[in-house]
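Subject: Structure handover

Hello,

Here is the structure for you to look over. My notes follow below it.

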Amino acid sequence: MCEALHKNPKAADRRHVTEHVKDDDADVIVVGAGPSGATTAYYLAQAGLNVLLLEKARFPRDKVCGDGLTPRATKTLIGMGVDTGPGSGWLRNKGLRVIGAGMRLELPWPELDSYPGYGLVRTRASLDETLARRAQAAGAKLLEGVTVTGPVLDDAGRIVGVTADTHESERARGDSQTYRARVIVAADGNSSRLSVAMGLHKRDDRPLGVAVRTYYTSPRHDDDYLESWLDLWDGDRLLPGYGWIFGMGDGTSNVGLGLLNTSEAFGNTDYRALLKRWLRSMPEEWGYTEENRTEPVRGAALPMGFNRTPHYYRGLLLAGDAAGMVNPFNGEGIAYAMESGEILARTIAEALARPTREQAERVLHGYPRALADSYGGYYALGRVFVQLIGRPQLMHFATRHGMARPALMRFALKLLANLTDPRGGDAADRLINGMTRLAPNPR
């Protein structure tokens, strides 16, 4: 294990308190109101718990993302009661269009009992606010413009609260506050300042991606397929990643690319310049030119395959990007952020219903096991996958031979998007589920 756990994190040493200082502000404090934090808060509030949801920005606020949602993510939205029907502002898509090796293949989303047959597109500014408002409507108390600065520890070193700065405006810092709760959730994204303050750092034995994206006005804005480009060239180098074009339905396309750290090119590539060079090869009528760009080119890291562990440590539970929940196969994070939030809320609700602290602790310690049961084998396969495609020759071979075999590409879509029926299903489902069960499952 490469967890780099520090038993006495400096950032927290100065904030020890005793149990009798003041009453708790909530049963649970959730730090970060992105998809994982908002989903956690929603299900906790649904369970009747007093939830405080702290968000450093003010809605609406943007996040770097492809904005495309697979049927897996769509299912999580439906489960929260989000209206994705006609007229609700969501653009539906039928599947994935794959372009590579000089070929073009349209792959409809698989027909499954477990997932809807469509995906969605919506900007993160709109999606994240929608989820945060759902949490509010369920009863969670949302505080915007509150930046958590560190943990509050009791004498045993367990986190019992957080310190935070409130912002009267985007630039002016307001009062410093202390908030306390029985359980604290870190859903504060890839950098997760709260996790780091508790001594939980990223693991360098897990995959990491980087993505850059921007928006262009384009006649392709209402495309009913997500589009993935498998041949991502930098001169004569084939890079381990992919490009995407997702129509937003509002006159613009979200255009970007992602790369993996399994390549020598990772960290040695000007990603923004690479995006521009790639787009120069596009047909002019598509409109992906500088004069049609509507937003800056922005980048973000993609923390994959449980790249920060343990997921429970001294009263702190991790969710979403803070827990490294991004799918190593395809870079999808929203579905797993929301799913992990639901798993986490179930665990916390069960723990806080126990009559003693010792019993509650045993339940909380089961959270990492629940995540491992849900994703451990699949993420283990994903870690092998990213190592393989880090070899340019193998990536080129797989693209060239796979694109010529539609049945193989339909299997690949199920595997990469993690879309199978867990029971029954077709031969592809059974094979993928079998590989996942047999894969080593380290935490």
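How many aromatic pairs does a search of the whole structure find? It finds 14. Rings of Phe, Tyr and Trp (its six-membered ring) pair if their centres lie within 6.5 Å; planes under 30 degrees apart count as stacked, over 60 as edge-to-face and the rest as tilted.

Some ground rules before the details. This is a predicted model, where local features need pLDDT of at least 70, side-chain atom pairs count only at pLDDT 80 or more, and totals for chains, interfaces and linings use all residues. Residues are numbered from 1 along each chain as its sequence is written, and side-chain values use heavy atoms, with hydrogens and water left out.

**Aromatic residues**

Trp-286 and Tyr-288 form an edge-to-face pair, 6.2 Å centre to centre with 70° between the planes. Both Trp-286 and Tyr-288 are buried (under 20% relative accessible area, with exposed over 50% and partly exposed in between; 1.4 Å probe, protein chains only). Arg-220 lies over the face of Trp-286, 4.1 Å from the ring centre. Likewise, the charged end of Arg-122 sits over the ring of Trp-90, 4.6 Å from its centre. The test for a charge over a ring: NZ of Lys or CZ of Arg within 6 Å of the ring centre and within 35 degrees of the ring normal.

Tyr-336 and Tyr-375 have ring centres 5.5 Å apart and planes at 75°, so this pair is edge-to-face. Tyr-336 is in helix H7 and Tyr-375 in helix H9 (residues 367-389), so the pair ties together parts 39 residues apart in sequence. Helices (H or I, at least four residues) and strands (E, at least two) are DSSP runs, numbered from the N terminus. Both tyrosines, Tyr-336 and Tyr-375, are buried.

**Cores**

The largest nonpolar core has 79 residues. A core here is a set of buried Ala, Val, Leu, Ile, Met, Phe, Trp, Tyr and Cys residues joined through side-chain atoms within 4.5 Å. Helix H7 (residues 334-352) gives the largest share, 10 residues. Leu-194 is one of the members that touch the most others. Apart from this core lies another of 29 residues, including Leu-105 and Leu-226.

**Sheet**

Seven strands form an open sheet with mixed pairing, in the order S6-S5-S13-S16-S17-S12-S18. Two strands pair if DSSP finds at least two bridges between them. S6 (103-108) and S18 (298-303) stand at the edges with a single partner strand each, so one side of each lacks a neighbour in the sheet. Five bridges join S5 (residues 95-100) to S13 (residues 225-229), which run parallel. Leu-96 has Leu-226 in S13 as its bridge partner.

Best wishes
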